[in-house]
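Hi everyone, thanks for making time.

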Amino acid sequence: MVKKIILLLCATSTAWAQQPVAAPKVITLTQKKVAELALQQGYRTKEVNLQYQQFKLPYVETLARYDWLLNAATGYEQDKQAQLLTSPSLDPHNKIERYNTTFSLQKPFTSGTLATLELNRLSLNADYDSAITTPPPGNQTLDRAGIILEQAILGNFFGVADRGTVNAAEQNYQASEILRANDLENVVLEAVRQFWQAYIAQENFREAVSARDRYKKLVDTVRRKTSLGYSNPGDLPQAQAELETREQTVKLTSTDYLASVENLLTALALDPKSEVKFEMSAVLPAMPSLPPKATDDLRAIRSQKLKVSAAEESLTASKSLSYPTLNVVGKAYTTGVGEKSEDSYSEVTGGSRPDYYIGLRFAYNFGSDIQNERIVYNKLNRDLEQTRLQRQMVEVVDANTQAERKAQAAYSIAQSAEKQKAFRERAVTELNRSYSQGRTDINNLIIALNNSFTAEIQYITAVGNYHIALNEWAASRDELIPDEQPSEDKK
């Protein structure tokens, strides 16, 4: 039995070993595709969109103050309480049942107006003592319908504070929506940086492998010359030591390359087991010539101007609310009563029993001086937002100028690094030929090789820095991504 189990396990393991291993998915990435993927499915993009959706709640909460409010209440009451015997109908042996139902619909407006509709029905069912000779009707219904209008005429004068509060909330929300595009630009920039970091890591790894192969050839050459007695003392161990250095560099660069690719795949929400293929242009793009960007058109400035306007609206609202409350109140009711609910309803709709009221409502709180403190606070907030606007007006100009200057410098450095790489490679070719002929020391050749490898890495890094600088320049001009980016709730 044990032998059968062992044979079965061996057969199963053999079958598993024979199953073909799926090849990793190959993903071709360009700088443009990385930017698109970052915006479409990147984790950071989702975080930004979800974060900015939360900013809508304060605005909606402000608007909710002007929602329709429906109230309904109904109840049953049985009354047999002890009362003073002022009439036969109030005899303590009487039993009275009441059904009371009330509906009201209330709506505040940003004009400082509060409108209320009320409907009330009171049904009475009385069971009087049998000793009463002329009892009142046992069943009665009282209906009452009316409208109440209340208008602010001093504090919150005709809705000045209400409109200021709503406008401030709306402008603050709009300001945050504008800045969402800036945060998405930062997400794209970070993805582009990771793209170039991964590409540079790949090229560094390839260059390290190439350097190791060249040193292997150098070791073979030195060993051959040593066997023929043409090399100098110490040439072979020196070349072998350099080869070991390149072996170490291959291990380090391979680790950096794998980590950079994994970070890039994670940032773009791609399969971490995918194989990345970088599609790059061999031609270094020229430095673009762009017209000046109007400062007022930049998102940061437009957003800050909205915040200044919102602060002004809040200040206006606080000034209006610092006055005492003085409202005009008007009421109009119609009532109806009858032994049957139909009779009561007919009287209400007929309007034969109207009830009118007009008056004033005054209120004023004092003692803490909170009204003036709110004005001072909102003045300080307005001054703060205006100061931030003035600072940002200067900073965005500086940032744009510095980004353009950085791109120009990066372009010059990349061009120079390309020439330097060619010169270093030419030096290696000439010194390699000279060393083969025994006309130069191996140290000169090793120094030239190392300088050539360093120049290759510097060139690749310079190209990446130039592309990153171009994207940063575009971001400083709000041209990296369009203004309108759909948030998650709009998709």
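First, a word on confidence. This is a predicted model, with a mean pLDDT of 87 for the protein, and 88% of its residues reach 70 or more. Element by element, helix α7, residues 299-321, has the highest mean pLDDT, at 95, while helix α1, residues 2-18, has the lowest, at 44. Residues 1-17 have pLDDT below 50, and beyond near neighbours in sequence that stretch makes zero contacts in the model. Residues 485-491 also stay under 50, but for them the model has 16 contacts beyond four places in sequence.

Now to the inside. Which residues touch the most other members of the largest nonpolar core? They are L29, F195, W196, L264, L268 and F278, out of 45 residues in that core. Several elements supply at least two residues each, among them β1 (26-29), α6 (235-267), β6 (275-278) and α9 (370-436). The most come from α5, which gives eleven. There is also a second, separate core of 16 residues, including V222, L236, A448 and L449.

Let's stay with F195 for a moment. Setting aside neighbours within four places in sequence, F195 contacts L29, T30, Q31, V34, L264, F278 and M280. F195 also belongs to a cluster linked by ring pairs, together with W196, Y199 and F278.

A quick stop at α6: this helix has 33 residues and reaches 48 Å from first C-alpha to last, close to the 48 Å expected at 1.5 Å a residue. Just after α6 comes A269, with a positive phi of about 55 degrees.

On to the rings. How many aromatic pairs does the structure hold? Twelve aromatic pairs. One of them is Y59 with Y173, stacked at 5.7 Å centre to centre with 10 degrees between the planes. Y59 is in helix α4 (residues 56-64) and Y173 in helix α5, so this pair links parts of the chain 114 residues apart. Both of these tyrosines, Y59 and Y173, are buried.

Y76 and Y99 make a tilted pair, 5.1 Å centre to centre and 45 degrees between the planes. Because Y76 lies in strand β2 and Y99 in strand β3, the pair ties together parts 23 residues apart in sequence. Y76 counts as partly exposed, at 44% relative accessibility, and Y99 counts as partly exposed at 40%.

Last, two charges over rings. K107 lies over the face of F109, 5.4 Å from the ring centre. R144 has its charged end over the ring of Y333, 3.9 Å from the centre.

Key: Residues are numbered from 1 along each chain as its sequence is written. This is a predicted model: local features need pLDDT of at least 70, side-chain atom pairs count only at pLDDT 80 or more; totals for chains, interfaces and linings use all residues. Side-chain values use heavy atoms; hydrogens and water are left out. A nonpolar core is a set of buried Ala, Val, Leu, Ile, Met, Phe, Trp, Tyr and Cys residues joined through side-chain atoms within 4.5 Å. Buried means under 20% relative accessible area, exposed over 50%, partly exposed in between (1.4 Å probe, protein chains only). Helices (H or I, at least four residues) and strands (E, at least two) are DSSP runs, numbered from the N terminus. Contact means heavy atoms within 4.5 Å. pLDDT is the predictor's confidence in each residue, from 0 to 100. The expected span of a helix is 1.5 Å times one less than its number of residues. Rings of Phe, Tyr and Trp (its six-membered ring) pair if their centres lie within 6.5 Å; planes under 30 degrees apart count as stacked, over 60 as edge-to-face and the rest as tilted. A charge sits over a ring if NZ of Lys or CZ of Arg is within 6 Å of the ring centre and within 35 degrees of the ring normal.
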